[in-house]
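Please look over the structure shown below before reading on. The notes that follow are grouped by topic.

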Amino acid sequence: MPELPEVETTLRGLEPFIAGQRLALVRAFRPNLRFDIPADLQQAMQGQRVERLERRAKYMLWHLTSGRIMLMHLGMSGRLRINPNEPIAKHDHIQWQTEDGADIRFYDPRRFGFVDLLDAQNRDQHKSLAALGPEPLGEGFTPEGLFAAIKSRRAPIKGLLLDQRLVAGLGNIYVCEALFTAAIHPTRPGASLSLKDCQRLHAALVAVLEQAIAAGGSSLRDFKQVDGSLGYFSHQWQVYGREGDACPRCDARLQRLQQAGRSSFLCPECQS
Ligand SMILES: [Zn+2]
């Protein structure tokens, strides 16, 4: 599933093809993905210029000259194909062509992704965006803010970090990696973390996200040789998915435990 760094990488890969470009053709090939595709998608987008792209949590926003915004979520398996140089394929569900001839397709075999239209004026009232907390890489997310938000919470820190109202866009992989980097056990109650812990955790979250974005950026250089699709890149995790392997820091055996139906990966020696 694409997480924040994958969405950021997709946005950066798409930008040169579409930012500032007028959309000459917009077509949807089915009425719905996870939700209905807006019936007026073509009417709202065709002929419009895409002024800029923006990421908010795991959403991509295409700002149109008209003041409307197309919001996109890649879901579980969604990706964007750029200039695939072939006829519309089975899982190409939406197509945008720019005046300059770029051909962009929303490709999603499992169809958990979605697109919607909203007005820039009241974007933060949109149901997907209204409850989101600060961006983890933005100025609104600070060690002090994190400390204040969790200091009276009994819930495990792992679950708190996945709560999009507390901080937006964090997913299971990056939370596991950041807790390892910060040497904090995922089951610790939020209230047990000191300000110092929060400073370490904040720095770890920023570092793992920035490293992944950098890895995604380097994967962009050759994405066209692969299959012209954006959204995924391989990355070496320290603990995620590595149950039974040796801890990269202390050599102890990495563990997996279930928390609220999701797997946490950790080192029982390093993290406490
Ligand atoms: Zn260890």
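Is helix 1 mostly covered or mostly uncovered? Helix 1 is mostly covered, since 11 of its 15 residues are buried, where a residue is buried if 20 or more other C-beta atoms lie within 10 Å of its own, exposed if 12 or fewer, and partly exposed in between, with C-beta atoms placed from the backbone. This is a predicted model, in which local features need pLDDT of at least 70 and side-chain atom pairs count only at pLDDT 80 or more, while totals for chains, interfaces and linings use all residues. Residues are numbered from 1 along each chain as its sequence is written.

- The chain is divided into domain 1 (4-125) and domain 2 (143-266), with bounds that come from an automatic or database domain assignment.
- Taken over C-alpha atoms, the centres of domain 1 and domain 2 are separated by 28 Å.

**Helix 1**

- Helices (H or I, at least four residues) and strands (E, at least two) are DSSP runs, numbered from the N terminus.
- The 15 residues of helix 1 (residues 4-18) should span 21 Å at 1.5 Å a residue, and its end C-alpha atoms are 20 Å apart, which agrees; the expected span is 1.5 Å times one less than the number of residues.
- Among the buried residues of helix 1 are Leu4, Val7, Leu11 and Ile18.

**Phe114**

- Phe114 is placed in strand 8 (residues 114-119), and it counts as buried because it has 22 C-beta neighbours inside 10 Å.
- Leaving aside neighbours within four places in sequence, Phe114 is in contact (C-beta atoms, placed from the backbone, within 7 Å) with Leu33, Arg34, Phe35, His73 and Gly75.
- Although Phe114 and Met72 are 42 residues apart in sequence, they are 5.8 Å apart in space, C-alpha to C-alpha.

**Positive phi values in loops**

- Most residues other than glycine have a negative phi.
- Asn83, however, has a positive phi near 45 degrees, and it lies in the loop between strand 5 (79-82) and strand 6 (92-98).
- Ala260 also has a positive phi, of about 50 degrees, and it counts as exposed because it has 10 C-beta neighbours inside 10 Å.

Note on methods. Contact = placed C-beta atoms within 7 Å.
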